Amino acid sequence: MAYHDLTSHYNAYFNTSEKLKNTLKVAETAHKDKFDSVLPVYFYTNSKEFAAYTSDLDDIKKRCELAIQFHPVSNWSDDHMLLIGKAAFLKGDYDKASGTF
């Protein structure tokens with residue numbers, strides 16, 4: 001059990017959460033506000049802005065699913081599911097995101 005927790009956390013969860021943080025940071029710097037319309041509170045509400053990052057979001061989803069398959073008894077499986085839901089939300093697949101959450 002300790003092996004699965006350690007491997008799932010420091011190999012899969014850490015790397016995918018860092019990749020998600022970097023993707024959000026890059027998307028935030030690329031975001032431009034349009035002052036002729038209502039400004040959004042959060043920059044990530046428009047899924048069209050994340051169209052350039054779909055490969056990163058798909059990679060996050062794939063790695064988290066593999067970690068859940070390889071380490072099913074890990075205590076980090078629920079955290080992997082949250083990352084899968086966040087990636088689906090940012091891609092604009094709201095049905096899959098709500099099912100995952």
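Close-up 1. K21 and E18 are both found in helix α1, three residues apart, which is about one turn of the helix. Helices here are DSSP runs of H or I with at least four residues, numbered from the N terminus. The side chains of K21 and E18 meet in a salt bridge, with N to O at 3.4 Å. A salt bridge is defined as a side-chain nitrogen of Lys or Arg within 4 Å of a carboxyl oxygen of Asp or Glu. E18 counts as partly exposed because its relative accessibility is 29%; buried means under 20% relative accessible area, exposed means over 50%, and partly exposed lies in between (1.4 Å probe, protein chains only). The model is predicted: local features need pLDDT of at least 70, side-chain atom pairs count only at pLDDT 80 or more, and totals for chains, interfaces and linings use all residues. Residues are numbered from 1 along each chain as its sequence is written, and side-chain values use heavy atoms, with hydrogens and water left out.

Close-up 2. The side chains of K91 and D58 form a salt bridge at 2.6 Å, N to O. This pair links distant parts of the chain, with K91 in helix α3 and D58 in helix α2, 33 residues apart. K91 is partly exposed at 34% relative accessibility, and D58 is partly exposed at 35%.

Close-up 3. K61 forms a salt bridge with E65, and their closest N and O atoms are 3.4 Å apart. Because K61 and E65 are four residues apart in helix α2, about one helical turn separates them. K61 is partly exposed, with a relative accessible area of 24%, and E65 is partly exposed at 32% relative accessibility.

**Close-up 4. A network of salt bridges.** Salt bridges link K19, D59, K62 and R63 in a network. The count for the structure comes to seven salt bridges.

**Close-up 5. A tilted aromatic pair.** Three aromatic pairs are found in a search of the whole structure. Rings of Phe, Tyr and Trp (its six-membered ring) pair if their centres lie within 6.5 Å; planes under 30 degrees apart count as stacked, over 60 as edge-to-face and the rest as tilted. The ring centres of Y13 and W76 are 5.1 Å apart and their planes are at 35 degrees, so this pair is tilted. The pair links distant parts of the chain, 63 residues apart: Y13 lies in helix α1, and W76 in the loop between α2 (54–70) and α3 (77–91).

Notes: Helices (H or I, at least four residues) and strands (E, at least two) are DSSP runs, numbered from the N terminus.
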